[in-house]
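Please look over the sequence and the model shown below. The text after them goes through a few places in turn.

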Amino acid sequence: MADEIEVNLNEIKKDADDRGVPFVDGVRKLMLAAVGAVAMTRDEMEQFVGRLVDRGEVAEREAKTLLNDVLSRRKREVEHVADEAESRVESRLEQVLNRMNIPSKRDIDELSDKIAQLSARVEELKKSRNA
């Protein structure tokens, strides 16, 4: 199952690269595929635990606890993967902007701070000359 999902994700990425689809569209498709994979996994887990309950191998209360534990662990893993993906996308976009000589928000904020400091210094010098 995981191999199949990985293959599907790789196919989406390759398809996006081959057709020259913008980077963001490719990322969007990858994220949608990941969400679909997680939803499918949850359904399969619920079915599996349901079969265990039906066969009497696990009590219903234990099954709910087990399912909640697995789903919460899965949620943390998915959040971790999403955070890593977001970080990689941000890094890649920053690289693209740097190549195009487009300043980042951080660059603009730093320049704004420097301008504010210089403006304050100019005002101080004006006051000291006039005094």
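Predicted model: local features only at pLDDT ≥ 70, side-chain atom pairs only at ≥ 80, totals over all residues.

Residues are numbered from 1 along each chain as its sequence is written, and side-chain values use heavy atoms, with hydrogens and water left out.

Begin with helix α2, which covers residues 23-54 and contains E46. Helices here are DSSP runs of H or I with at least four residues, numbered from the N terminus. E46 is partly exposed, its relative accessible area being 32%. On this scale, buried means under 20% relative accessible area, exposed means over 50%, and partly exposed lies in between, with a 1.4 Å probe and protein chains only. A63 is 17 residues from E46 in sequence, and the C-alpha atoms of the two are 9.2 Å apart in space.

Next come the salt bridges, of which the structure holds four. A salt bridge is a side-chain nitrogen of Lys or Arg within 4 Å of a carboxyl oxygen of Asp or Glu. One of them joins the side chains of E94 and R106, with an N to O distance of 2.9 Å. This pair links distant parts of the chain, since E94 belongs to helix α3 and R106 to helix α4, twelve residues apart. E94 is partly exposed at 34% relative accessible area, and R106 is partly exposed at 48%.

Helix α4 also holds both D109 and K105, which are four residues apart, about one turn of the helix. Their salt bridge has its closest N and O atoms 3.0 Å apart. D109 is partly exposed at 34%, whereas K105 counts as exposed at 62%. Further along, E124 and R121 form a salt bridge of 3.4 Å, N to O. These two are separated by about one helical turn because they lie three residues apart in helix α4. E124 has a relative accessible area of 47% and is partly exposed; R121, at 45%, is partly exposed too.

Between α3 (60-99) and α4 (105-130) runs a loop, where M100 is found. M100 counts as exposed because its relative accessibility is 52%. Together with L97 and I102, M100 makes a nonpolar surface patch of about 250 Å². Patches are made of residues with over 30% relative accessible area and no salt bridge, where like charges are joined within 9 Å and nonpolar side chains (Val, Leu, Ile, Met, Phe, Trp, Tyr) within 5 Å. Accessible areas come from the Shrake-Rupley method with a 1.4 Å probe, and for residues only the protein chains shown count as cover.
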